[in-house]
Amino acid sequence: MIEIDVSLARNTGFTLTAQFTAPQSGVTALFGRSGSGKTTIIQMVAGSVRPDQGQIRVGDEVFLDMAKGIDLPIEKRRVGYVFQDARLFPHLSVDNNLRYGQRRARHAHSIGFEAVVDMLGIGHLLKRRPHTLSGGERQRVAIGRALLAQPRLLLMDEPLASLDEQRKLEILPYLERLRDDLKVPILYVSHSIDEVLRLADTVAALQDGTVLACGPLADVLSRPELLPVLGRFDLGTIFDCVVKSHDADLSLSTITFADGELRVPLVDRPVGAPVRARIRSRDVSLSLSRPIDVSVTNRLAGTIGSLRREGGPYVNVEVKLANGKLQSLVTLESVDRLALEEGMPVWAMIKAVAVDSRSPTFPVQNEPFNPPSHSAGPNLRLVAGRSLPPGLE
Ligand SMILES: Nc1ncnc2c1ncn2[C@@H]1O[C@H](COP(=O)(O)OP(=O)(O)OP(=O)(O)O)[C@@H](O)[C@H]1O
């Protein structure tokens with residue numbers, strides 16, 4: 001396990017009191033708004049910032065124990081650090097930047113040069129100097145350099161933050177390969193829910209220097225405590241699913257999870273592949289009877305677990321499914337009209353286009369789903385089996 005229990009009062013008035021544990025495997029995202037203390041925590045893990053009090057342990061290795069006077073020097077911590085900007089040596093070629101990382105390794109080389117170059121797709125860049133690379137290429141080299149120092153833990157501080165959307169999409173698959181192919185645990189700082197959703201196994205959500213929640217991604221991202229971090233309209237439910245089938249004509253896939261199936265916009269992964277589906281609470285509506293003549297594709301039967309009044313007209317309804325649960329954000333008016341109460345059976349309805357499905361293993365849909373344009377008309381006709389009504393042609 002990675003165990004962090006630290007406190008620090010900055011002279012700027014910022015106070016950090018963070019306690020959480022994360023598995024010593026996979027990606028743990030430190031997620032929160034700007035200024036919540038994410039970077040401060042990883043600087044403490046790296047050893048460049050010392051807390052006033054606390055302990056940091058990674059597996060058997062105690063990095064820091066202020067009470068016992070233990071403060072392992074930076075070089076003995078064996079952590080790799082990737083910053084927002086690549087910070088490569090400008091006078092060295094890509095090859096020599098990577099070799100520099102390799103020379104810093106004080107341990108047996110389990111991560112080989114060729115493997116890293118191959119995994120990050122930087123073989124063709126080896127002779128080039130950093131200033132001739134794109135931002136995304138530079139970041140891939142920086143990651144390679146950090147990995148070749150054979151870290152026991154990789155710290156990544158918003159490694160995509162300085163890149164435009166296109167470059168981000170370019171680099172995400174490499175990060176996914178890193179996560180899946182290497183056994184190096186990663187602490188990943190981000191304030192992007194999309195990145196977290198795509199990369200993280202565990203999430204520690206921070207606000208104003210405290211950890212609001214920490215645990216498996218699906219569990220943490222659906223917790224109401226996350227409201228200040230995610231905002232009301234981004235709270236939701238995450239299901240770990242498997243691709244069951246594709247319907248290319250309709251541009252839809254069917255994915256299955258513990259509580260049934262969902263129809264979602266076509267997922268670019270083979271049948272049998274794992275995908276994560278994220279359903280925002282605001283995209284889930286409720287019905288007391290089995291919905292028949294509605295356009296909504298996905299319907300799940302459950303019972304109301306709880307109703308929680310939010311600010312304004314909103315009520316968050318937790319719907320218990322046979323195995324899991326689903327959050328729905330409705331108005332107080334609807335709660336009154338349907339006389340919703342705990343224990344009541346309901347149908348939860350989710351539009352197919354509202355399900356954001358991403359692969360925890362490989363890129364799926366990098367772009368938000370765009371509703372079909374009129375050129376998708378033939379497919380729509382296929383669904384209906386008849387001509388579209390005038391005006392929709
Ligand atoms: N060296 C420093 N001295 C004093 N205060 C600092 C220092 N570094 C950061 N802070 C303050 O500590 C707080 C947390 O900063 P930190 O960089 O950890 O946040 P963050 O969550 O990583 O933010 P961002 O997403 O913007 O990078 C902020 O209020 C910041 O102003």
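Author: A residue is called buried here if 20 or more other C-beta atoms lie within 10 Å of its own. The model is predicted.

Reader: What does helix 5 span from its first C-alpha to its last?

Author: Helix 5 covers residues 135-148 and reaches 20 Å, close to the 20 Å expected at 1.5 Å a residue.

Reader: And which residue with positive phi follows helix 5?

Author: Gln150, with phi near 55 degrees.

Reader: Switching to the largest nonpolar core. Which residues touch the most other members?

Author: Val203, Ala204 and Ala277, out of 99 residues in that core. Helix 5 supplies the largest share of this core, six residues. Both domain 1 (2-228) and domain 2 (234-369) contribute at least three residues each.

Reader: What is Val203 in contact with, leaving aside neighbours within four places in sequence?

Author: Val203 contacts Ala29, Phe31, Val196, Cys214, Leu217, Val220 and Leu221.

Reader: Now the domains. How many Å separate their centres?

Author: The centres of domain 1 and domain 2 are 32 Å apart, taken over C-alpha atoms. Their contact takes 15 residues from domain 1 and 16 residues from domain 2.

Reader: Which elements give two or more residues on the domain 1 side?

Author: Helix 6 (165-181), helix 7 (193-199) and helix 8 (217-220). Helix 6 gives the most, with five residues.

Note on methods:
Residues numbered from 1 in each chain as written. Predicted model: local features only at pLDDT ≥ 70, side-chain atom pairs only at ≥ 80, totals over all residues. Domains from an automatic or database assignment. Contact = placed C-beta atoms within 7 Å. Helix = DSSP H or I, 4+ residues; strand = E, 2+ residues; numbered from the N terminus. Expected span 1.5 Å × (residues − 1). Core = buried A, V, L, I, M, F, W, Y, C linked by C-beta atoms within 7 Å. Buried ≥ 20, exposed ≤ 12 C-beta atoms within 10 Å, placed from the backbone.
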